[in-house]
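Biologist: Could you walk me through this model, beginning with the sheet and then moving on to the helices?

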Amino acid sequence: MPLPRTRGKALRQRLAELRGPDVPAKALDARALAALAANPGCRRRAILDGAGVNKATLASALGSPSAFGQSQFALTRGNAFEAKVKADGGAELLRLVHEKLDRRADPPHEAQVPDLLATGPEGRAARTALALREATAAPGSWTLLDHPMLALDVAGSPAFLEPDAVVVHPDGSWTVVEIKSFPMLDGAADPAKVGAAARQAAVYVLALEEVAARLDPAPRVRHRILLVCPKDFSNLPTASAIDVRKQRAVTGRQLARLTRIEDIADTLPEGTCFSPELPTAELTSAVESVPATYAPECLSACELAFHCRDRSRAAGAVTSLGRSVRAELGGLSTVGDVLAAARGESGDPKDPAVAALRRAAHLRAQALGQEVTPCR
């Protein structure tokens, strides 16, 4: 929900102060918004992304540069594969949409491919909205929107997003299409990469829903998106339908949290600024004033991951071992606490996590032929 005008203006001014004087805001894209959904508890990422801070530049200034992003080779391969999928007016892409998502509709022997060119992101978003409205008003035919531009309200400001494609079905419903260059082997792809693609597509679904809400009647935005990838070790496209309702719900909650980002900003010390031009010690203090929730998954989703990992390891936080490990350990939040509990030096013996650790330590000592301390 958009912020009231006066409140939104005050928030944008506050976020500009956090970026630093004359530092332009880095626009949020679908990958950044999807990464927020992947780590919903990280207040540090929420405030930095909400303020438009360039985290790659920030990480370099902190002395922990990150080689985050795709290689040039991967980008070139991905662009070539996408061009192949969309060749001949998107005939193969539409065939896959029909096969995986809409078999009851007439096969897409021909489709409309509207021109979406316009000046600036605002113009392209308006042209996309017009094309969607026109396609929905003419049922019975297929329409392919190639790289449409969508606008999503984030913390009172529009974030402009560009999905690979959006298809309008003959019944007037809309589908998001994600085209990736990682392979599907025997019909399955890397779960981590599929999960990232699903979270990214969920952002596009949310943006499409905002467009649909402005039409009367509002068309249906399908929650099953189409993921298109190379088949096995070839360059032939194959596809899978993925339900993104869960990812959409998580991302929606995160965006709602971002619209209240002033609550996080209000907890920061007066004069806090994340400008990379600041001395390293001062900049580090500013970043550390916002709590982070590091997990190994951050390494593939956030430019600040190396910095946060170093801090997490230095503090002995068990989150650096992974979320699943953290969940199993209950109230034991540091490696020191875990080791002390395993040795019987601390912890409630009735706590299942403590009891399991002591049993594991007992079995390890037996296996190594060490003196065994009776489990209590």
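Modeller: A term to begin with: two strands pair if DSSP finds at least two bridges between them, and helices (H or I, at least four residues) and strands (E, at least two) are DSSP runs, numbered from the N terminus. This is a predicted model, in which local features need pLDDT of at least 70 and side-chain atom pairs count only at pLDDT 80 or more, whereas totals for chains, interfaces and linings use all residues. Residues are numbered from 1 along each chain as its sequence is written, and side-chain values use heavy atoms, with hydrogens and water left out.

Biologist: Fine. Which residue of strand 5 does Asp146 stand opposite?

Modeller: Asp146 stands opposite Ala165, and the pairing there is between strand 2 (residues 142-146) and strand 5, which are antiparallel over four bridges.

Biologist: And what does Ala165 stand opposite in strand 6?

Modeller: In strand 6 the residue opposite Ala165 is Val177; strand 5 and strand 6 (residues 174-179) are again antiparallel and are joined by four bridges.

Biologist: What about the turn from strand 5 to strand 6, which residue has the positive phi?

Modeller: That is Gly172, whose phi is near 90 degrees, in a hairpin with five residues between the strands.

Biologist: What is the strand order in the sheet?

Modeller: Six strands form an open sheet in the order 1-2-5-6-7-8, and the pairing is mixed. Strand 1 (111-112) and strand 8 stand at the edges with a single partner strand each, so one side of each has no neighbour in the sheet.

Biologist: Where is the parallel part?

Modeller: Strand 6 and strand 7 pair in the parallel sense over three bridges, and Glu178 stands opposite Leu227 in strand 7. Helix 8 packs on the sheet and touches strand 5, strand 6, strand 7 and strand 8, its direction making about 150 degrees with that of strand 6. Here contact means heavy atoms within 4.5 Å, while axes are lines fitted to C-alpha atoms, for helices over the stretch in contact, and angles run from 0 to 180 degrees between N-to-C directions.

Biologist: Staying with strand 8, is Thr238 buried or exposed?

Modeller: Thr238, which is found in strand 8, is buried, with a relative accessible area of 18%. Leaving aside its neighbours within four places in sequence, Thr238 is in contact with several residues, among them Leu96, Met184 and Leu227. The C-alpha atoms of Thr238 and Glu92 are 9.5 Å apart, although 146 residues separate the two along the chain.

Biologist: Glu92, which helix is that in, and what does that helix meet?

Modeller: Glu92 is in helix 6, where Ala87, Gly90, Glu92 and Leu93 meet Ala83, Lys84 and Val85 of helix 5. The axes of helix 5 (residues 72-85) and helix 6 (residues 87-101) come within 6 Å and cross at roughly 90 degrees. Angles under 35 degrees count as roughly parallel, over 145 as roughly antiparallel, 65 to 115 as roughly perpendicular and the rest as oblique, and helix 5 is roughly perpendicular to helix 6.

Biologist: How do helix 14 and helix 15 compare on angle and axis distance?

Modeller: Helix 14 (residues 335-342) and helix 15 (residues 352-368) pack at an angle of about 65 degrees with their axes 8 Å apart, and are therefore roughly perpendicular to each other. The contact is made by Val338, Ala341 and Ala342 of helix 14 with Val354, Leu357, Arg358 and Ala361 of helix 15.

Methods. Buried < 20%, exposed > 50% of the residue type's maximum accessible area, 1.4 Å probe, protein only.
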